[in-house]
Amino acid sequence: MRHKFSLVITTCFLILLFPLQVFAVPPSLSATSAILVEKETGFVLYELNAERKLSVASTTKMITGILVLEYGNLKDKVVTSQEAADAGGSELYLSPGEERTVEELVYGLLLRSANDAAVVLAEYIAGSVEEFANLMNRKANLIGANSTEFVNPHGLHDENFSTAYDLSLIARYCLGNEDFTKIVATQKRTIPWPDNPYPRELENHNKLLLKYPRATGIKTGYTKKAGYCLVSSAKEGELTLIAVVLNCPSSDACYNDSINLLEYGFKNFKNKKIVYKGRTYKEVKVPFWEEKLELIAKKDCVISYNGDKGEPKLVIKTISSKELPIEKGEKLGEIIVAQGDLRLGQVELIAKKGVPKPTLWQRFIYFLSRIFKSGEN
């Protein structure tokens with residue numbers, strides 16, 4: 001009995017002393033597929049069947065929204081077609097012939113998940129749903145979401161397929177747009193409703209914004225076939241995480257999975273700028289010239305890493321043979337950011353300035369000076 005009591009006390013003490021260890025094991029999820037990534041780097045912190053192709057319901061509307069923001073004008077006014085009014089499912093109850101601004105429709109698309117708004121916007125950008133779907137697929141391929149296939153702009157009817165990994169790529173891309181980021185973080189928006197006593201009150205379907213203080217977006221989805229889906233984002237300090245959960249059995253399970261994933265990320269990983277653009281990381285000798293050449297980082301390098309596994313290290317490699325002339329900005333090495341055997345990032349080392357090829361006279365003077373120096377020794 002005394003031994004068991006002592007074991008319990010020791011266990012509690014260890015948990016208090018090393019709280020991060022409680023979160024070292026990724027959470028158990030109800031989702032069929034999931035992924036957790038760091039927004040800036042795309043570093044994958046956790047994945048579960050992340051390459052499995054599934055129906056993605058209204059998470060489709062992320063790429064619909066970003067295409068409208070990139071190719072459209074928020075102040076433009078658009079007229080609702082009969083096809084759009086008949087879209088069904090979640091909607092703004094747009095009437096045929098009703099005129100709304102693109103901005104109002106995008107808020108309806110991303111907050112209310114309105115299918116009628118999706119069709120109006122698709123027709124506005126590409127002329128038809130079919131042509132807009134082609135644009136969606138081209139955009140997905142450019143982003144790198146190569147396992148994604150879109151047929152419509154809303155995700156209704158379970159005709160659109162993607163993967164958790166692809167949706168994380170699309171989400172990262174979309175969050176690079178300030179308007180998109182602002183809209184998906186909005187909880188409520190009011191837009192006009194002609195011939196009705198009250199305006200349209202748009203409440204964001206993404207209840208993670210209410211359930212989780214760090215949440216900043218992004219998009220929910222549900223059909224009977226797709227199950228409950230959520231692409232979410234959250235921010236703490238300089239670290240922004242994106243979580244994707246697909247085919248959860250219930251709305252509560254979907255939110256719980258997302259929160260558990262995000263908490264796992266925030267408690268176990270750090271975000272750090274470890275290489276700075278323009279900073280000198282190495283000095284090298286060059287033939288015929290006494291002055292050393294500074295090698296600088298070509299760009300910044302921000303990494304995500306598990307703090308429990310120690311601080312990441314910089315491994316600097318330079319090109320052994322340096323023939324003249326050397327151009328300013330020429331690659332002469334690289335910095336590898338590593339944590340143990342794991343490579344977290346890589347940045348080119350470039351020449352801070354150019355080094356000319358010596359003339360014959362300069363070569364003669366150089367060799368003459370070398371002879372005198374060797375004679376002095």
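Thr163 sits in the loop between strand 6 (161-162) and helix 7 (164-174); helices (H or I, at least four residues) and strands (E, at least two) are DSSP runs, numbered from the N terminus. The model is predicted, so local features need pLDDT of at least 70 and side-chain atom pairs count only at pLDDT 80 or more, while totals for chains, interfaces and linings use all residues. Residues are numbered from 1 along each chain as its sequence is written, and side-chain values use heavy atoms, with hydrogens and water left out.

Thr163 has a relative accessible area of 0% and is therefore buried (buried is under 20%, exposed over 50%, partly exposed in between; 1.4 Å probe, protein chains only). A polar atom of the Thr163 side chain lies 2.9 Å from the backbone nitrogen of Asp166. Leaving aside residues up to four places away in sequence, Thr163 touches Ala50, Glu51, Arg52, Lys53, Ser147 and Leu246, where contact means heavy atoms within 4.5 Å.

| Bond | Omega |
|---|---|
| Gly217 to Ile218 | about 15° |
| Leu324 to Pro325 | near 5° |

Ile218 belongs to strand 9 (residues 215-223), whereas Pro325 is in the loop between strand 16 (313-318) and strand 17 (331-339).

Positive phi at non-glycine residues comes next. Tyr93, with phi of about 60°, is in the loop between helix 3 (82-85) and strand 5 (99-101). Its relative accessible area is 47%, so Tyr93 is partly exposed. Asp195 has phi of about 65° and lies in the loop between strand 7 (188-191) and strand 8 (200-203). Asp195 counts as exposed because its relative accessibility is 84%.

Technical notes. A polar contact is a pair of N or O atoms within 3.5 Å; within protein, one must be able to donate a hydrogen and the other to accept it, and residues adjacent in sequence count only if both atoms are side-chain atoms.
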